[in-house]
Amino acid sequence: MASSVFYKFNSRRDESRVSFDGTGISVFDLKREIILANNMGKANDFDLFIYDATSKQEFKDDSTIIPRSSSVIVKRLPSSRPGKGKAAMYIGGGIGPSIPTSEPVTRAGAPTATSTWHKGAMSKRFDVKDEPTSNTSTKASTPVR
């Protein structure tokens, strides 16, 4: 069963809702969902403030849980310092939908079913070699004492 919290921008008449699973949603997650739902993700020069609809008190702590079926008021205000808004923190900082963090790469000369590997942070070689060679050395290695 999906729960929801109703929100209304201070400057609008219509009310919208955010659906989620569980009995409550954190202020951080609510702000992220509001930013994504209203296509405000590319702008980072504003701050979002959430207020309780009945008591008009601001939810200052992002870890505060808002119970399901609650109504809140959202205010979008310019940031206190130009270009230093907190909106980008809610988009990049949270755990959102899974987006691949690496790009698939296919090795040349190998079958495609087993040759796809992901080029990520740990794929860089620091010894200037691109790939290990297929020739194995026949020299016997002797331990150095």
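Student: In this predicted model, what makes β1 and β2 count as paired strands?

Tutor: The rule asks for at least two bridges between two strands. β1 and β2 are joined by 6 bridges, so they pair. The two strands run antiparallel. One place to look is Ser4, which stands opposite Ser19 in β2. β1 and β2 also form a hairpin, with 6 residues between them.

Student: Which way do β1 and β6 run, parallel or antiparallel, and what makes them a pair?

Tutor: β1 and β6 pair in the parallel sense over 4 bridges. The cut-off is at least two bridges, so these strands pair. Here Phe6 stands opposite Ser71 in β6.

Student: What makes β4 a partner of β6?

Tutor: There are 7 bridges between β4 and β6, which covers residues 71-78. At least two are required, so β4 and β6 pair, and the sense is antiparallel. Ile50 has Val74 in β6 as its bridge partner.

Student: What is the order of the strands in the sheet, and what is its pairing called?

Tutor: The order is β2-β1-β6-β4, in an open sheet of 4 strands, and the pairing is called mixed.

Student: Why are β2 and β4 called edge strands?

Tutor: β2 (16-21) and β4 (46-52) each pair on one side only. From one strand to the next, the twist averages 35°. Helix α1, residues 27-37, packs on the sheet and touches β1, β2, β4 and β6. The direction of α1 makes about 120° with that of β4.

Student: How many aromatic pairs are there, and why do Tyr7 and Phe9 get the type they do?

Tutor: The count is 2 aromatic pairs. The ring centres of Tyr7 and Phe9 are 6.0 Å apart, and the limit is 6.5 Å, so they pair. Their planes stand at 80°, and over 60 counts as edge-to-face, so that is the name of the pair. Both Tyr7 and Phe9 are buried.

Student: What type of pair do Phe28 and Tyr90 form?

Tutor: The centres of Phe28 and Tyr90 lie 5.0 Å apart, with 50° between the planes. Stacked needs under 30 degrees and edge-to-face over 60, so this pair is tilted. Phe28 is in helix α1 and Tyr90 in helix α2 (residues 87-92), so the pair links distant parts of the chain, 62 residues apart.

Student: Are Phe28 and Tyr90 buried or exposed, and what decides it?

Tutor: Buried means under 20% relative accessible area. Phe28 is at 18%, so it counts as buried. Tyr90 is at 4%, so it is buried as well.

Student: Which charged ends sit over the rings of Tyr51 and Phe46?

Tutor: The charged end of Lys75 is over the Tyr51 ring, 4.8 Å from its centre. For Phe46 the charged end is that of Arg76, 4.3 Å from the ring centre.

Student: Why do Asn39 and Ser69 get their accessibility class?

Tutor: Exposed means over 50%. Asn39 has 72% relative accessibility, so it is exposed. Ser69, at 57%, is exposed by this rule too.

Technical notes:
Residues are numbered from 1 along each chain as its sequence is written. This is a predicted model: local features need pLDDT of at least 70, side-chain atom pairs count only at pLDDT 80 or more; totals for chains, interfaces and linings use all residues. Side-chain values use heavy atoms; hydrogens and water are left out. Axes are lines fitted to C-alpha atoms, for helices over the stretch in contact, and angles run from 0 to 180 degrees between N-to-C directions. Contact means heavy atoms within 4.5 Å. Buried means under 20% relative accessible area, exposed over 50%, partly exposed in between (1.4 Å probe, protein chains only). A charge sits over a ring if NZ of Lys or CZ of Arg is within 6 Å of the ring centre and within 35 degrees of the ring normal.
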